Amino acid sequence: MRLFLFDVDGTLVTARGAGRAAFGRALTATYGTAAAVETYDFRGKTDPRIVWDLLRGAGVDDAAIARGLDGFYAAYLEELRRVIGDGSRVQVMPGIADIVRALAARDDALVGLLTGNIEAGARLKLASTGLWPHFRVGAFGSDDMERRRLPAIACARARGIAGREFPFERVTIIGDTPLDVDCARACGAVAVAVATGQHPHAELAACAPDHIFTDFADVPRALAALIGSAS
């Protein structure tokens with residue numbers, strides 16, 4: 001059995017800036033500043049990393065950041081829910097629904113999430129897509145600030161579900177940023193990059209992933225590559 005772990009933003013869906021907008025409003029409501037939210041590079045970062053980077057950059061001391069975190073996340077989720085609304089703003093990337101459903105239907109595959117989003121934020125972004133029930137396991141920004149530590153968390157949870165070990169060589173990490181590739185490389189998982197986010201194909205190719213796609217519109221080709229990585 002193989003574990004397939006998908007990133008959310010730029011890989012499964014785009015919420016068209018909903019996360020950044022919600023972040024800015026929640027930061028202002030909680031800490032009195034949105035810091036450099038409009039220019040900060042969110043790509044591939046965990047939500048906690050974004051909070052700490054932005055607020056430290058704005059001169060907020062660590063103790064004040066820590067005190068406000070629970071209030072910030074509550075405000076962020078409220079704003080994200082409002083911005084996403086009925087879900088029409090969320091767009092599923094080409095071919096991804098078919099890919100996820102096909103993998104989830106296989107007896108030799110377990111499908112999950114590995115994302116910098118806090119878990120509740122990921123759920124909100126995916127709620128309107130119908131895909132959430134296919135992800136039986138996940139590791140989220142709410143589990144650890146450092147993306148490189150998330151694969152071990154996902155594997156431990158997968159073991160609890162499937163009753164078997166998932167060594168990293170039996171894990172495939174799919175994402176749209178160099179940090180997704182780095183995450184896979186750091187633990188020895190198979191790295192799959194897809195250029196449906198904000199990083200161009202050439203930039204992702206320079207990271208030397210095991211497989212790279214412009215998008216997953218060619219579902220049979222993508223599935224053949226993903227399933228082939230299990231052999």
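Helices here are DSSP runs of H or I with at least four residues, strands are runs of E with at least two, and both are numbered from the N terminus. This is a predicted model, in which local features need pLDDT of at least 70, side-chain atom pairs count only at pLDDT 80 or more, and totals for chains, interfaces and linings use all residues. Residues are numbered from 1 along each chain as its sequence is written, and side-chain values use heavy atoms, with hydrogens and water left out.

**View A. Cys-187 in helix 7.**
Here we look at Cys-187, which sits in helix 7 (residues 178-187). Its relative accessibility is 16%, so Cys-187 counts as buried (under 20% relative accessible area; exposed is over 50%, partly exposed in between, with a 1.4 Å probe and protein chains only). If you skip residues up to four places away in sequence, Cys-187 touches Pro-151, Phe-168 and Ile-173; contact means heavy atoms within 4.5 Å. Take Phe-168: Cys-187 is 19 residues from Phe-168 in sequence, and their C-alpha atoms are 6.4 Å apart in space.

**View B. Aromatic rings around Phe-23 and Phe-42.**
The structure holds 8 aromatic pairs. Rings of Phe, Tyr and Trp (its six-membered ring) pair if their centres lie within 6.5 Å, and planes under 30 degrees apart are stacked, over 60 edge-to-face, and the rest tilted. Phe-23 and Phe-42 have ring centres 5.4 Å apart and planes at 80°, so this pair is edge-to-face. Phe-23 lies in helix 1 (residues 18-31) and Phe-42 in the loop between helix 1 and helix 2 (47-57), so the pair ties together parts that are 19 residues apart in sequence. Phe-42 also makes an edge-to-face pair with Tyr-40, at 5.7 Å centre to centre and with 75° between the planes. How buried are the two Phe rings' residues? Phe-23 has a relative accessible area of 1%, and Phe-42 one of 16%. Tyr-40 is buried as well, like Phe-42. Zoom out a bit and you'll find one aromatic cluster formed by Phe-23, Tyr-40, Phe-42, Phe-72, Tyr-73 and Tyr-76.

**View C. The buried side of helix 4.**
In helix 4 (residues 96-104), the buried residues are Ile-96, Ala-97, Ile-99, Val-100 and Leu-103. They cover an arc of only 165° around the axis, which puts them on the same side of helix 4; the arc is that of the directions from the helix axis to the C-beta atoms. What covers them? Among the covering elements are strand 1 (2-6), strand 3 (91-92), strand 4 (109-114) and helix 9 (219-228).

**View D. Thr-129 in its loop.**
Thr-129 is found in the loop between helix 5 (119-126) and strand 5 (137-139). With a relative accessible area of 14%, Thr-129 is buried. The Thr-129 side chain reaches the backbone oxygen of Leu-126 at 2.7 Å. Setting aside neighbours within four places in sequence, Thr-129 is in contact with Val-13, Val-90, Val-92 and Arg-101.

Arg-16 has a phi near 55°, a positive value in a residue other than glycine. You'll find Arg-16 in the loop between strand 2 (13-14) and helix 1, where its relative accessibility of 47% counts as partly exposed. Ala-35 is another residue other than glycine with a positive phi, near 55°. Ala-35 belongs to the loop between helix 1 and helix 2 and is partly exposed, with a relative accessible area of 28%.

How values were computed:
A polar contact is a pair of N or O atoms within 3.5 Å; within protein, one must be able to donate a hydrogen and the other to accept it, and residues adjacent in sequence count only if both atoms are side-chain atoms.
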